[in-house]
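Biologist: Please show me the model, and then we can go through it by question and answer.

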Amino acid sequence: MKLTIVSIIISAGVVFSAILFANNRDSSGLPDKEPVAVSQVIDGKQVIEIKAKGGYTPREILAKADILTVIRIKTQGTFDCSSALVIPSLNYRKNLAPSGVTEIEVPSQKIGTVINGTCAMGMYGFSIKFN
Ligand SMILES: [Cu+2]
């Protein structure tokens, strides 16, 4: 009798761990992908906010084509190289202040355009897709 109870407890434990393990991964076995952010339109301008600190967040942004865009880069105690921002297709290169907001005006883009930003060394990056 005692043995039965013990084995029930053990098998329940095994099943429970298996469920936990299964829930922790998706079908591909890879960790969940970061969600894609969507731009907002404020007063007729498209605004994209990106935080620069230990990389860029969000790293993937979906934006609208054919509208004036402002990329707002926010630093907050950013002392890593993500403050050295380069956006090659806009010819943009700047060392951002460790804390503050930097606005980058982007003319309206065609559908399908992708604007990539990176740190000066190219180890961190973000990309904005216009569609
Ligand atoms: Cu870097």
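Modeller: This is a predicted model, in which local features need pLDDT of at least 70 and side-chain atom pairs count only at pLDDT 80 or more, while totals for chains, interfaces and linings use all residues. Residues are numbered from 1 along each chain as its sequence is written, and side-chain values use heavy atoms, with hydrogens and water left out.

Biologist: Is Cys119 buried or exposed?

Modeller: Buried means under 20% relative accessible area, exposed over 50%, and partly exposed in between (1.4 Å probe, protein chains only). Cys119 has 0% relative accessibility, so Cys119 counts as buried.

Biologist: Which residues coordinate the copper ion?

Modeller: Donors are N, O and S atoms within 2.8 Å of the metal (3.2 Å for Na, K and Ca); water is not among the atoms, so sites may look incomplete. At 2.1 to 2.2 Å from the copper ion, the coordinating atoms are SG of Cys81 and SG of Cys119.

Biologist: How many residues apart are Cys81 and Cys119?

Modeller: Strands (E, at least two residues) are DSSP runs, numbered from the N terminus. Cys81 sits in the loop between strand S6 (69–75) and strand S7 (84–87), and Cys119 in strand S10 (residues 114–119). The pair links distant parts of the chain, 38 residues apart.

Biologist: With which side chain does the side chain of Ser39 make a polar contact?

Modeller: Ser39 lies in the loop between strand S1 (37–38) and strand S2 (40–42). Ser39 is buried, with a relative accessible area of 9%. A polar contact is a pair of N or O atoms within 3.5 Å; within protein, one must be able to donate a hydrogen and the other to accept it, and residues adjacent in sequence count only if both atoms are side-chain atoms. At 2.6 Å, the partner of the Ser39 side chain is the side chain of Gln46.

Note on methods. Helices (H or I, at least four residues) and strands (E, at least two) are DSSP runs, numbered from the N terminus.
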